[in-house]
Amino acid sequence: MSPPSTPSAPRAILFDLDGTLADTAPDLAAAVNLLRTSRGLEATPYPVLRPTASAGARGMIGAAFGLTPDDADYEALRVGFLDNYEAALAVRSSLFEGVPELLGGLGELGLAWGVVTNKAARFTDPLVGQIGLGAAGCVISGDTMAHAKPHPAPLLEAARRLGLAPEECWYVGDDLRDIQAGRAAGMLTVACAWGYCGETEPQHWDADHLLATPQALLALVRAAVGAAGSGALAA
């Protein structure tokens, strides 16, 4: 992964949740495997489920049962999966390595940060507090607005709540729809390869930057803020 060029300095960084800030795959996998074992089926191996975690119920049920939303049995499984997940959504979920330091570094730079996820508020609201994201400047869930990502509306609402123009924000995510939403909102986009997507697939998303670690993101932000400060002094 080649070093990115220095972009314009942001005033806020907005993040996707699952697969970007938080490793929630263990609890999502447990919820769908409870559906299987309660039906007398063997649990689906975790390595099969983990890559689909960012796709939520659709991804988990697809991997565990081979069903899509068009299948007759899908809706009942979706309801059962979500109920299982709500009952145990922060048992093994945690922030990715380096994320606490990243968020702390943003605070030291005087930058705001927030969460924009397609996860419904019934899960997002309790989860962010339980895994160390309670200091977020805003939290936009999948049902906060009339449209979810890849529509730009959730990102535009996050910028509004922070009192910023969209172009003053960066958006960081691990799914194609994150990059599509960020671009549609007029934000600089960062695809993160430390979550569930890896480095190969995001190369085709046309993100402004593709970064391997939270530390790399913090370094890029610091470089952008430093360059902006140097420019102001020179002026």
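1. The buried residues of helix H7 pack against strand E1 (12-15), strand E4 (112-116), strand E5 (139-140), strand E6 (169-173) and helix H8 (176-184); contact here means heavy atoms within 4.5 Å. Helix H7 covers residues 153-162, and its buried residues are Ala153, Pro154, Leu155, Glu157, Ala158 and Ala159. Buried means under 20% relative accessible area, exposed over 50%, and partly exposed in between, with a 1.4 Å probe and protein chains only. Helices (H or I, at least four residues) and strands (E, at least two) are DSSP runs, numbered from the N terminus. After H7 comes glycine 163, which has a positive phi, near 75 degrees.

2. This is a predicted model, in which local features need pLDDT of at least 70 and side-chain atom pairs count only at pLDDT 80 or more, while totals for chains, interfaces and linings use all residues. Residues are numbered from 1 along each chain as its sequence is written, and side-chain values use heavy atoms, with hydrogens and water left out.

3. A salt bridge is a side-chain nitrogen of Lys or Arg within 4 Å of a carboxyl oxygen of Asp or Glu. An α-helix has 3.6 residues a turn, so residues three or four places apart point the same way. Arginine 160 is exposed, at a relative accessible area of 56%, whereas glutamate 157 is buried at 11% relative accessibility.

4. Strand E6 is mostly covered, with five of its five residues buried. Cys169, Tyr171 and Gly173 lie on one side, Trp170 and Val172 on the other, and both faces are covered.

5. Two strands pair if DSSP finds at least two bridges between them. E1 and E6 are parallel and share four bridges, with alanine 12 opposite cysteine 169. E6 and strand E7 (residues 188-192) also run parallel and are joined by four bridges; here tyrosine 171 stands opposite threonine 189. From E6 the chain passes through H8 to E7 in a right-handed β-α-β crossover. Right-handed means that, with the strands pointing away from the viewer, the path from the first strand over the helix to the second runs clockwise.

6. The structure has 11 salt bridges. One of them joins arginine 50 to aspartate 23, with the closest N and O atoms 3.1 Å apart. This pair links distant parts of the chain, 27 residues apart: arginine 50 is in the loop between helix H2 (46-49) and helix H3 (56-65), and aspartate 23 is in strand E2 (residues 22-23). Arginine 50 is partly exposed at 24% relative accessibility, while aspartate 23 counts as buried at 16%.

7. Arginine 78 and glutamate 75 form another salt bridge, with 2.7 Å between the closest N and O atoms. Both lie in helix H4 (residues 74-87), three residues apart. Arginine 78 is partly exposed at 28% relative accessibility, and glutamate 75 is partly exposed at 39%. Elsewhere, Asp16, Lys149 and Asp178 are linked in a salt-bridge network.

8. Valine 32 belongs to helix H1 (residues 25-38). Its relative accessible area is 0%, so valine 32 is buried. Beyond its neighbours within four places in sequence, valine 32 is in contact with Leu49, Met60, Ile61, Ala64, Phe65 and Phe81.
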